[in-house]
Amino acid sequence: MAKQLTPGLHIVATPIGNLEDLSPRAAETLSNADAILVEDTRVTAKLLAHIGARVPMVRYDDHSSEADRDRIVARLGDEAIALVSDAGTPLISDPGYKLVRAARAAGHEVHTVPGPCAAVAALTLAALPTDRFLFLGFLPAKAKARADAVAEVSQVRATLVLYESGQRLGDTLLALLTGLGPRDAAVAREITKLHEECVTGSLRELAARYADDIPKGEIVIVVGPPLEAETVSDDVLDAMLDQAMRRLSPSRAAAEVAEQLNIPRKRAYARALERAK
Ligand code: SAM
């Protein structure tokens with residue numbers, strides 16, 4: 001007999017590539033829900049076919065109208081409604097937060113069935129510090145807005161996690177290199193799928209590698225925190241100063257580079273004077 005689900009909203013994480021990653025509790029929740037809110041009925045239909053479930057689907061995203069949301073919320077008192085996205089964890093660069101807010105405001109139960117999330121999966125592959133990380137989702141597509149978004153986080157002492165498409169990967173890596181300076185990074189691609197790979201290296205190496213190479217599939221970029229002052233080598237410092245001094249005086253270049261590298265300005269200035277001789 002089908003298990004009864006508590007009425008309310010059930011947020012269900014689904015696989016990011018490998019259907020075997022659907023948890024038994026996720027399958028049970030989806031099978032027993034009265035309805036499932038989905039981004040794309042064709043995508044979720046495949047998942048339901050995989051678990052042999054036949055449950056009505058309703059399209060939902062954060063652009064759905066207030067009236068649509070009200071209709072869904074009105075059902076939550078008596079019905080168990082599941083929310084999925086096309087892949088991974090709903091609400092993480094995916095629709096859902098407005099609905100969760102509305103459901104809570106109306107006093108309904110909200111439950112979550114955690115599971116795959118590309119950002120967290122990439123962090124496990126990247127071999128970069130995981131004690132503090134900042135998820136940035138997708139950066140803006142336009143160059144100026146993207147550079148501003150990078151500048152905004154350049155002083156954050158945490159690993160950064162970003163979603164990106166193959167088409168924009170090269171541009172985004174270059175924007176990260178320009179705005180953050182030298183850092184360790186990783187490009188995780190097609191996680192849990194046949195062609196899964198994780199390429200690690202410096203931001204400079206990765207930006208060069210993907211400058212003309214448009215990789216297929218889905219991508220997460222992971223960028224390590226700013227390098228500690230003592231780990232910034234003179235070679236790296238010199239290269240950045242030389243580049244900055246094409247535009248700026250030694251003292252201004254030293255100030256800019258010191259900030260980017262998070263090293264004392266005095267060290268950068270002494271080196272800049274040497275380079276300027
Ligand atoms: N909610 C999802 C999650 O929990 O991961 C993310 C949805 S977001 C709209 C889709 C983006 O996630 C893709 O463009 C890609 O950057 C990343 N992504 C999803 N699946 C992936 C995978 N298997 N490998 C690498 N990145 C993936």
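T14 touches L22, L47, V84, S85, D86, A87, G88 and P116, leaving aside residues up to four places away in sequence; contact here means heavy atoms within 4.5 Å. The model is a predicted one, in which local features need pLDDT of at least 70, side-chain atom pairs count only at pLDDT 80 or more, and totals for chains, interfaces and linings use all residues. Residues are numbered from 1 along each chain as its sequence is written, and side-chain values use heavy atoms, with hydrogens and water left out.

T14 lies in the loop between β1 (8–12) and α1 (24–32). Helices (H or I, at least four residues) and strands (E, at least two) are DSSP runs, numbered from the N terminus. With a relative accessible area of 3%, T14 is buried. Buried means under 20% relative accessible area, exposed over 50%, and partly exposed in between, with a 1.4 Å probe and protein chains only.

T130 is also a loop residue, placed between α5 (118–125) and β6 (133–138). Its relative accessible area is 46%, so T130 counts as partly exposed. T130 and A158 are 28 residues apart in sequence, with 8.2 Å between their C-alpha atoms.

Helix α3 (residues 66–75) has R69, I72 and V73 buried. Seen down the axis of α3, its buried residues fall within an arc of 100°, so they line one face of the helix; the arc is that of the directions from the helix axis to the C-beta atoms. An α-helix has 3.6 residues a turn, so residues three or four places apart point the same way. The face of α3 turned away from the buried side carries the exposed residues R71 and A74. Among the elements covering the buried residues of α3 are β2 (35–38) and α4 (97–105).

Next comes the sheet. Five strands form an open sheet with mixed pairing, in the order β6-β7-β10-β8-β9. β6 and β9 (197–202) stand at the edges with a single partner strand each, so one side of each has no neighbour in the sheet. Two strands pair if DSSP finds at least two bridges between them. Within the sheet, β7 (residues 159–165) and β10 (residues 218–223) run antiparallel and are joined by 6 bridges. V161 stands opposite V222 in β10.

Two helices pack on this sheet. α5 touches β6, β7, β8 (184–189), β9 and β10, and its direction makes about 120° with that of β7. Helix α7 (residues 166–180) touches β7, β8 and β10, at about 150° to the direction of β7. Axes are lines fitted to C-alpha atoms, for helices over the stretch in contact, and angles run from 0 to 180 degrees between N-to-C directions.
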